[in-house]
Amino acid sequence: MLTFHAIGDWPPDRVRARWVPSGRRTPPEVERLVEKAWERALRRPGVKLFDGPMCRMERWHAADGTLELDLSVTGYKAFLGTNMSHPELAERFGRDVMANPVGVSPALETADGYLLLGRRNETLAYYPNRTHPFAGALEPRDNGDLFAAVRRELAEELALGDADVLDVRCTGIAEDRALRQPELLFRVSTSRTRGQIAAQVHAEEHGGSLAIPADPRAVAEAIHDPAFTPVAVASLLLWGRIRFGLEWFGESARGMGEAR
C-alpha cells in the first residue's frame with residue numbers, strides 16, 4: 001500500500017527546496033499513452049480537467065534534522081497519463097518517465113480534538129468517493145514553499161485563513177504504491193472546531209468531511225477503513241507517530257507498507 005521514503009518532524013526552517021532541470025524522459029511510446037489517457041479522461045461525463053502546472057519531485061535528502069528537496073516543473077496531463085493511468089511505466093521504462101508531482105497532505109487537528117478529512121466527490125479524476133486529507137499539490141506559484149502550499153490548499157478547500165492555522169510541520173514523504181506518486185505529509189493544528197470547519201467545506205471537490213477523535217484507539221481503527229486512501233492512512237500514521245509514540249506507530253503500521 002505505502003512506502004515511507006522519509007520520516008521526521010520538520011518545521012518550516014528545516015525544509016529546503018531548490019529548482020533544478022527536469023530529469024523526466026519522454027519516450028514516444030510513453031507520450032502516446034499520455035495522450036490517449038488524456039483523451040479518454042476528457043470523454044468522462046462531469047470530470048473537469050485542466051493541464052495545470054505542478055512541481056515534479058526529482059530528489060530528496062533527509063539528514064541532520066533537515067529535509068532537502070530538488071524540484072522541477074511538470075503538468076497535470078503528464079501526471080494523469082503516467083502515475084494515475086499507467087503506473088506500470090515505472091517498471092517498463094524506468095521511474096524517470098513518471099510525472100511524479102509533489103502532493104501535500106495534512107493531518108488536520110481541530111481545536112476540539114478531532115482529525116478532519118474530506119469525503120471526495122464522484123467527479124474527481126482519481127479516488128472518487130474515498131476519504132482523503134484536505135490536500136492538493138505543490139505548484140510553481142508556491143515558489144518551493146511547501147508550508148505555503150498547505151496553507152493555500154486549506155484556504156481553498158476549507159476557507160481557513162492564516163490566523164486559523166496555528167502550526168504546520170512536515171512529517172514525511174510517502175508513496176502510494178498504486179500511483180507511484182511522492183506525497184509530502186504534514187501535521188496541522190487549527191483554532192477552528194470540527195463543526196466550524198465542516199460548515200466551510202468546498203463542495204466542488206468534497207461531499208463532506210469525516211471527524212476522527214484524536215485518541216490512539218480511534219485513529220488506529222480509522223487506518224483500517226477501506227474507504228481511506230493510502231495517503232490518508234499515511235497522514236494518520238505519521239501524525240500518530242508524533243502524538244502517540246513509536247510503539248503505537250509500529251503496531252499500527254504493521255502490514256501497511258515499508259520504510260526506505
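Helices (H or I, at least four residues) and strands (E, at least two) are DSSP runs, numbered from the N terminus. The model is predicted, so to speak of local features a pLDDT of at least 70 is needed, side-chain atom pairs count only at pLDDT 80 or more, and totals for chains, interfaces and linings use all residues. Residues are numbered from 1 along each chain as its sequence is written, and side-chain values use heavy atoms, with hydrogens and water left out.

A closer look at strand 5 shows that both of its faces are covered. Gly103, Ser105, Ala107 and Glu109 are buried on one side, and Val104, Pro106 and Leu108 are buried on the other. The pairing partners of the strand come next; two strands pair if DSSP finds at least two bridges between them. Strand 10 (residues 181-190) runs parallel to strand 5 and is joined to it by 7 bridges, with serine 105 standing opposite leucine 185. Strands 5 and 6 form a hairpin with 4 residues between them, and in the turn glycine 113 has a positive phi of about 85°.

Strand 10 also holds glutamine 181, which counts as buried at 5% relative accessibility. A polar atom of the glutamine 181 side chain lies 3.1 Å from the backbone oxygen of proline 101. This is a polar contact, meaning a pair of N or O atoms within 3.5 Å; within protein, one must be able to donate a hydrogen and the other to accept it, and residues adjacent in sequence count only if both atoms are side-chain atoms.

The N-terminal end of helix 4 is capped by aspartate 145, with a side-chain oxygen 3.1 Å from the backbone nitrogen of phenylalanine 147. Buried residues of the helix include Leu146, Phe147, Ala149 and Val150. Just after helix 4, alanine 159 takes a positive phi of about 55°.

In helix 7 (residues 230-244) sits leucine 236, buried with a relative accessible area of 1%. Setting aside neighbours within four places in sequence, leucine 236 is in contact (heavy atoms within 4.5 Å) with Leu115, Leu117, Ile212, Val219, Ala222, Ile223, Phe228 and Trp248. Another buried residue, at 9% relative accessibility, is aspartate 70, found in strand 4 (residues 66-75).

Aromatic rings complete the picture. Rings of Phe, Tyr and Trp (its six-membered ring) pair if their centres lie within 6.5 Å; planes under 30 degrees apart count as stacked, over 60 as edge-to-face and the rest as tilted. The structure holds 6 aromatic pairs. In one of them, the rings of phenylalanine 4 and phenylalanine 249 have centres 6.1 Å apart and planes at 65°, so the pair is edge-to-face. This pair links distant parts of the chain, as phenylalanine 4 belongs to strand 1 (residues 2-10) and phenylalanine 249 to helix 8 (residues 246-253), 245 residues apart. Both partners are buried, phenylalanine 4 at 4% relative accessibility and phenylalanine 249 at 13%. Tryptophan 239 and phenylalanine 244 form another edge-to-face pair, 5.3 Å centre to centre with 80° between the planes. Tryptophan 239 is buried at 3% relative accessibility, whereas phenylalanine 244 is partly exposed at 21%. Ring pairs also link Trp38, Tyr76 and Phe79 into a cluster.

Definitions and conventions
Buried < 20%, exposed > 50% of the residue type's maximum accessible area, 1.4 Å probe, protein only.
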